[in-house]
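Please look over the model shown here before reading my numbered points. They begin with the chain as a whole and then turn to the ligand.

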Amino acid sequence: MHPLAEKVQITLNALGYFGQVQELPTSTRTATEAAQSIGCEVGQIVKSLVFILSRDQTPILLLVSGRNRVDESKVGDLLKDKIRKATAQEVGQITGFPIGGVPPVGHRQPIPTYMDEDLLQFDVVWAAAGTPNSVFPVSPFHLKEFTKAWIIPVK
Ligand code: 5CA
C-alpha cells in the first residue's frame, strides 16, 4: 500500500474503524472519477475541502457530498466569518496530503471539521484515503464520529 494510504488506514484503525482502505486501479482524484471507479452515486463521494477563515487565517475542513458545491458566503455566515478555498500548496502544508487524495482524518494538524448534512441520507459514503486512487467506505455516522464534525448545510 502507498505510505500515505497506509497512514490513513492506521489513523482510521486507531479511531475504531474496522473497514479497509482500497487502492483502485483507476483514478479517484475527483468526485466524478471516484464515483465511476467505485460504482456508486456521485453524492456518496466525500470531498474533503480545506478552506481558510479570514479573521485569523486558520484552516477548516468541509466534508462535502460529491454532488454539492459549497456556498462560501452561506458557510461564512454560519461561522460568522469569511472563508476562502485553500491553494493547492496550502492544502499540502496543512494536511500533508496532495489535492485529490486529501482524507477526512490523519492530517498533520487537527483541523476543525464541518460535514455536509446531505451525506447523512446514505448508508455508506466513500472518502479519499491519502492518494488520488485510494478510498475507504464508511457510514456517515462513523465519519462524523471519527472527524468530530459539526453537521451543517453547505450548498
Ligand atoms: N479523491 C476525491 C474524493 S474520493 C477528492 O479528493 N475529491 S475532492 O473534491 O476532495 O478533491 C478535489 C478538490 O481539490 C477539488 O474539488 C478542488 O476543490 C480542489 N482542487 C483541485 N485543484 C486545486 C488547486 N489547484 N488548488 C486548490 N484546490 C484544488
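1. Helices (H or I, at least four residues) and strands (E, at least two) are DSSP runs, numbered from the N terminus. Counted in this way, the protein chain holds five helices and eight strands, and from the N terminus on they follow the order α-β-α-β-β-α-β-α-β-β-β-α-β.

2. This is a predicted model, in which local features need pLDDT of at least 70 and side-chain atom pairs count only at pLDDT 80 or more, while totals for chains, interfaces and linings use all residues. Residues are numbered from 1 along each chain as its sequence is written, and side-chain values use heavy atoms, with hydrogens and water left out.

3. The radius of gyration, taken over C-alpha atoms, is 14 Å for the protein chain, which agrees with the value near 15 Å that a compact globule of 155 residues would have (the globule rule is 2.2 Å times the number of residues to the power 0.38).

4. Around the ligand there are 17 residues, and the closest are Thr 28, Lys 47, Ser 48, Lys 85 and Gly 100 (a residue is near a molecule if one of its heavy atoms lies within 4 Å of it). Strand β2 (residues 45–53) gives the largest share of this shell, five residues.

5. An oxygen atom of the ligand, in turn, is 2.4 Å from an N or O atom in the side chain of Lys 85.

Definitions and conventions. Polar contact = N/O pair within 3.5 Å; in protein donor to acceptor, adjacent residues only side chain to side chain.
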